[in-house]
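Look at the structure below and keep the sequence beside it. The text starts with one pair of residues and then moves on to others.

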Amino acid sequence: HFFVLDLLLFLHKKFTKMRRAFPFLVFLWQRYNQLLEARPILTKCITAGLIATAADIVCQINFPLDRKALQLPVLQRIQWQRTTNFAALNTVFVPPIVHWWYGLLSTRIAGPGFGAAVQRVALDQALFAPVFVVVFFSATLCMEGKLDQTHDKLRKDWLPTLLTNYSVWIPAQLINFKVVPPELRVLWANVVGFFWSIYLSNAANK
């Protein structure tokens, strides 16, 4: 906990210095937050799509399903249809559902306190996460024309993926609500989401 706090304080100081040194980047960040307020679903869709695209490319370059592919030039390791499918799911399908779900949680469990945050995270992980993994794997296989493999895929990978989800998002969300300054919470979620998307891309396609 203290390590995370020290790290976030360090990043906060760096962020403050960056605001003074790079006003254009600060303008872009402020503009992004304004778009989140004005057009939340569209902004989240575009953000999620860009993160998913980058994450899948990183995943394929560094963690190819066939380890022999590591001997190939970087761009030859990438299956662009897979990247397109992953990006499409995370642009069109996932953000509106997550936006609706988080809105429902915020309505049902109102309040800015840490206790309310814990309740929202608990409900999110207990109710939404298990269903989301099923739907995401099924949608991925459907886009690849392998819907008949859904049962075997879920039997093999649903539980390991769900447990990894718990190990990542429960502490990440609690840290986000408890430790991260409000102006950095979206950035923190996007950073965690990038690394989670790398894992999810690998899990969905192996």
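Asp-56 and Arg-82 are both buried, where buried means under 20% relative accessible area, exposed over 50%, and partly exposed in between (1.4 Å probe, protein chains only). The model is predicted: local features need pLDDT of at least 70, side-chain atom pairs count only at pLDDT 80 or more, and totals for chains, interfaces and linings use all residues. Residues are numbered from 1 along each chain as its sequence is written, and side-chain values use heavy atoms, leaving out hydrogens and water.

Side chains of opposite charge can pair when their charged atoms come close. Asp-56 and Arg-82 form a salt bridge, with their closest N and O atoms 3.0 Å apart; the term requires a side-chain nitrogen of Lys or Arg within 4 Å of a carboxyl oxygen of Asp or Glu. This pair links distant parts of the chain, since Asp-56 is in helix α3 (residues 40–62) and Arg-82, 26 residues away, is in helix α4 (residues 80–108). Helices here are DSSP runs (H or I, at least four residues), numbered from the N terminus.

The whole structure has five salt bridges. Another of them joins Asp-152 to Arg-155, at 3.3 Å between the closest N and O atoms. Both residues lie in helix α6 (residues 150–178), three residues apart, or about one turn of the helix. Asp-152 is partly exposed because its relative accessible area is 44%, while Arg-155, at 62%, counts as exposed.

Asp-157 bridges to Lys-153, with the closest N and O atoms 2.8 Å apart. Asp-157 and Lys-153 are both buried. Salt bridges with shared partners join Lys-153, Asp-157 and Lys-206 into one network.

Definitions and conventions. Helix = DSSP H or I, 4+ residues; strand = E, 2+ residues; numbered from the N terminus.
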